[in-house]
Amino acid sequence: MYPPLDGSRHTPNFVKTAETPSLDIGWGEGVLGDGRPWRAELWAEDGITMLTFFFSTLGIEAYQADDLVALLTREGLLGLERPGQGVGVMRLTDPSGNQFWSVNVVVGTGDEVQVGKSVPVQRYPGR
């Protein structure tokens, strides 16, 4: 069984400040074909809109950025206009001590769209 992301310490930010320049827009959740829960968060900072996917590293610890993008694409969660561009990957540990992949994808910059398909997101409550 794969753990879901523990987001208990994340409070969405709706007001840009010098200390917190990013704005949270929305989120989505689901389960990959192997039963692995995922969470996606849509956010923006300085004219760049980003979509970040989080899911457990269990069993896929050796994956590289291309492998993770291929996984998200096979699952129908992502379709890049220019594969290989605008993706950053890192591992993180959630507050419960579980390891997760963080796959950060540039959705768009200004008038340029870099993602042709992505998960549906819903607005945060109160937005």
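On one side of helix α1, Asp 66 and Arg 74 are exposed, where exposed means over 50% relative accessible area, buried under 20% and partly exposed in between (1.4 Å probe, protein chains only). The buried residues of α1 are Leu 68, Val 69, Leu 71 and Leu 72. They all lie on the same side of α1, because they cover an arc of only 155° around its axis; the arc is taken from the directions that run from the helix axis to the C-beta atoms.

This is a predicted model, in which local features need pLDDT of at least 70 and side-chain atom pairs count only at pLDDT 80 or more, while totals for chains, interfaces and linings use all residues. Residues are numbered from 1 along each chain as its sequence is written, and side-chain values use heavy atoms, with hydrogens and water left out.

- Helices (H or I, at least four residues) and strands (E, at least two) are DSSP runs, numbered from the N terminus.
- An α-helix has 3.6 residues a turn, so residues three or four places apart point the same way.
- The cover over the buried residues of α1 includes β3, β4, β5 and β6, with contact meaning heavy atoms within 4.5 Å.
- After α1 comes Gly 76, which has a positive phi near 75°.

**The nonpolar core**

- A nonpolar core is a set of buried Ala, Val, Leu, Ile, Met, Phe, Trp, Tyr and Cys residues joined through side-chain atoms within 4.5 Å.
- Which members of the largest core touch the most others? They are Trp 38, Phe 53, Phe 55 and Val 103, out of 20 residues.
- Two or more residues each come from β2 (37-45), β3 (48-56), α1 (65-74), β4 (78-80) and β6 (99-109).
- The element that gives the most to this core is α1, with 4 residues.
- Phe 53 has contacts that include Trp 38, Leu 72, Leu 77, Trp 101 and Val 119, not counting residues up to four places away in sequence.
- In soluble globular proteins, nonpolar side chains tend to be buried together.

- Leu 51 sits in strand β3 and is buried, with a relative accessible area of 2%.
- Beyond its neighbours within four places in sequence, Leu 51 is in contact with residues including Ala 40, Leu 42, Val 105, Val 107 and Val 121.
- Ser 102 belongs to strand β6, and at 8% relative accessibility Ser 102 counts as buried.
- Although Ser 102 and Phe 54 are 48 residues apart along the chain, their C-alpha atoms are separated by 4.8 Å.
- Leaving out residues up to four places away in sequence, Ser 102 touches Thr 52, Phe 53, Phe 54, Gly 88, Val 89, Met 90 and Leu 92.

**The largest pocket**

- On a 1 Å grid over the protein atoms alone, a pocket is an open set of points with protein on both sides within 12 Å along at least five of seven lines, whereas in a cavity a 1.4 Å probe fits but cannot get out; lining residues have an atom within 4 Å of a point.
- How much space lies in the largest pocket? About 260 Å³, where grid points are joined across faces, edges and corners and a volume is the space filled by probe spheres set on the points.
- Its lining has 15 residues, and His 10, Glu 41, Thr 52, Phe 54 and Leu 92 lie nearest the centre.
- Strands β2, β3 and β6 are the elements that give two or more residues to this lining.
- By class, the lining holds 5 nonpolar, 6 polar and 4 charged residues; Ala, Val, Leu, Ile, Met, Phe, Trp, Tyr, Cys and Pro count as nonpolar, Asp, Glu, Lys and Arg as charged, and the others, Gly among them, as polar.

**Loops and a partly exposed strand residue**

- Asp 46 lies in the loop between β2 and β3 and is exposed, at 56% relative accessibility.
- Asp 46 is not a glycine, yet its phi is positive, about 50°.
- Most residues other than glycine have a negative phi.
- Gly 86 is in the loop between β4 and β5 (87-93), and with a relative accessible area of 29% Gly 86 is partly exposed.
- Ser 118, in strand β8 (residues 115-118), is partly exposed at 34% relative accessibility.
- Apart from residues up to four places away in sequence, Ser 118 touches Leu 51, Leu 77 and Leu 78.
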